[in-house]
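This report describes selected packing features of one protein model. Please consult the sequence and the coordinates alongside the text.

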Amino acid sequence: MSTELNTSDPEIATAHFTAPYGPLLEALTLAQHGTTIALSPAQECVLIEADTEGLTLRTHDWETAVSVEVPAATVTRTGASLLPLVQLKRALAAMVAGETKATAARTTITLAGDLLITDHLIVPVDPHPVGEFTPAPMPAPVAATVDAADLYRQLQRVIPAACTDDSLRTLTGVQMTLTARTLTLTGTDRYRVAVADVPATPDPDHPRTTTADPLTALPPARVMTRLSKHLKTLTGPVGIAYGTPGLTLTTDTATITVRDLEGALPDLTKLFPNADTVGSTLALDRATTQRAVKKCRAMITAKGGTWHTPVTLRWDDDGCLTLAPRIGEPDEIARIKGMAIPTTTLAGTTPTAREIHVKPAYLADALDALAGADTITLHLRDQEEPRAAERPLLLTAGPRPSDREFAYLLMPVRVS
């Protein structure tokens, strides 16, 4: 990683370098994550630092800070330049306009202070005084590493469950807790909870990676959604660090720090049923269940229902399961027959004469999160338990309620 220049020095020289357009654009696109909510012209810029170790791009909008190296670049004069990031990207795209994608990617871009140079054009870019840029705090040391593909996959499962209502700001985050060799991701909007575990390798030099001393961060889900696009392209390890101002992700060439939301998610463990409180464990055919949900949602729309209109999981007297939309007046509802869903009882009793109402969008999200499995496992409280219809449902990829590789807790809908 390049050493950070003293950009407060008014005598510092401007950065000069050459780099292929493709790698430079890729680095700028990643750096742009650090300018999303910038509140000043300087923080909408990218700080370009050229030193004896290479070229580094830095951005910081107070919520997200990005530092990314450009290994394909060649520094021709050490120094720093502060340039408007969006203007720079647009100017670069104009420099390679008319070229094939392959030719554009190979085109050599030269920056000499505020001048962009190619074989065809020389164009100035509006510079800002380097001293106006506020750098981000130094990130904390790496506590553990996780596989980039595993982190991306589990984030895609958990993020949809996070709240989108800014009046419940704490719930708009994805909690990321490192406990020994496991990174646990949690998202909730009060009506559902998604929990996923990612295997982690603790850094032997980090002082806090024990079960008794977990590390926790709560980055905004919307920021993690943006950053996951970058994770999708990565292979290999990603470092995880916890500190001020928040969570830091590191790769071979980039460091991204996301400021924490205030507070923490409530303790949700008591909501999850366990082997002692589960009355029925059922394997459901995932593809059939997904088709049934799509049909029910389409029928709700066709009949003038709303996003809040529930669907009903109904077991008959023989224990056969159907899924039906709950639409119309009581006499109409009584005449609706749902789509049959094949099930197998894995443990406990087979439910009979039982109804559970859920929001179809939430059930659809759970099925999407469990994509790739032929069956999903549904865990229910004992139907003889008081207020059993109001107890949460648990969906897991594995057969046991304790399976936390991925678990999805869904609160039923109360109906009159």
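Predicted model: local features only at pLDDT ≥ 70, side-chain atom pairs only at ≥ 80, totals over all residues.

**Helix packing**

Helix α6, residues 286-302, and helix α8, residues 360-369, have axes that come within 10 Å and cross at roughly 150°. Angles over 145 degrees count as roughly antiparallel, and α6 is therefore roughly antiparallel to α8. The crossing of these two helices is left-handed. On the α6 side, the contact is formed by R286, T289, Q290, V293, R297 and I300, which meet P360, A361, L363, A364, L367 and D368 of α8. By residue class, the contact of α6 with α8 comprises seven nonpolar, two polar and three charged residues.

The second pair consists of helix α4, residues 148-158, and helix α5, residues 221-231, whose axes are 10 Å apart and which pack at an angle of about 145°. Here too the crossing is left-handed. From α4, the residues A148, L151, Y152, L155 and Q156 meet M224, S228 and L231 in α5. The contact of α4 with α5 contains six nonpolar and two polar residues, and no charged ones.

**Aromatic pairs**

A pair of aromatic rings is described by the distance of the centres and the angle of the planes. The structure holds two such pairs, and their geometry is given in the table.

| Aromatic pair | Distance between centres | Angle between planes | Arrangement |
|---|---|---|---|
| W307 and Y362 | 5.5 Å | 80° | edge-to-face |
| F406 and Y408 | 6.5 Å | 45° | tilted |

Where do W307 and Y362 lie, and what does the pair tie together? W307 belongs to the loop between α6 and β19 (311-315), whereas Y362 is in helix α8, so the pair ties together parts that are 55 residues apart in sequence. Helix α8 is also the partner of α6 in the packing described above. W307 has a relative accessible area of 44% and is therefore partly exposed. Y362, with a relative accessible area of 5%, is buried.

T322 is located in strand β20, which covers residues 321-325. Is T322 buried or exposed? Its relative accessible area is 17%, and buried means under 20%, so T322 is buried. Leaving aside residues up to four places away in sequence, T322 touches T312, L313, R314, G338, M339 and A340.

T396 is part of strand β25, residues 393-396. With a relative accessibility of 0%, T396 counts as buried. Which residues does T396 touch, not counting those up to four places away in sequence? The contacts of T396 are L370, I376, T377, H379, D403, F406 and A407. One of these contacts, F406, is a member of the tilted aromatic pair with Y408. T396 and T375 are 21 residues apart along the chain, and their C-alpha atoms are separated by 9.8 Å.

Conventions: Residues numbered from 1 in each chain as written. Heavy atoms only, no water. Axes fitted to C-alpha atoms, helices over the stretch in contact; angles between N-to-C directions. Helix = DSSP H or I, 4+ residues; strand = E, 2+ residues; numbered from the N terminus. Parallel < 35°, antiparallel > 145°, perpendicular 65-115°, else oblique. Left-handed = near helix turned anticlockwise from the far one by under 90°. Contact = heavy atoms within 4.5 Å. Nonpolar A, V, L, I, M, F, W, Y, C, P; charged D, E, K, R; others polar. Phe/Tyr/Trp six-rings, centres within 6.5 Å; stacked < 30°, edge-to-face > 60°. Buried < 20%, exposed > 50% of the residue type's maximum accessible area, 1.4 Å probe, protein only.
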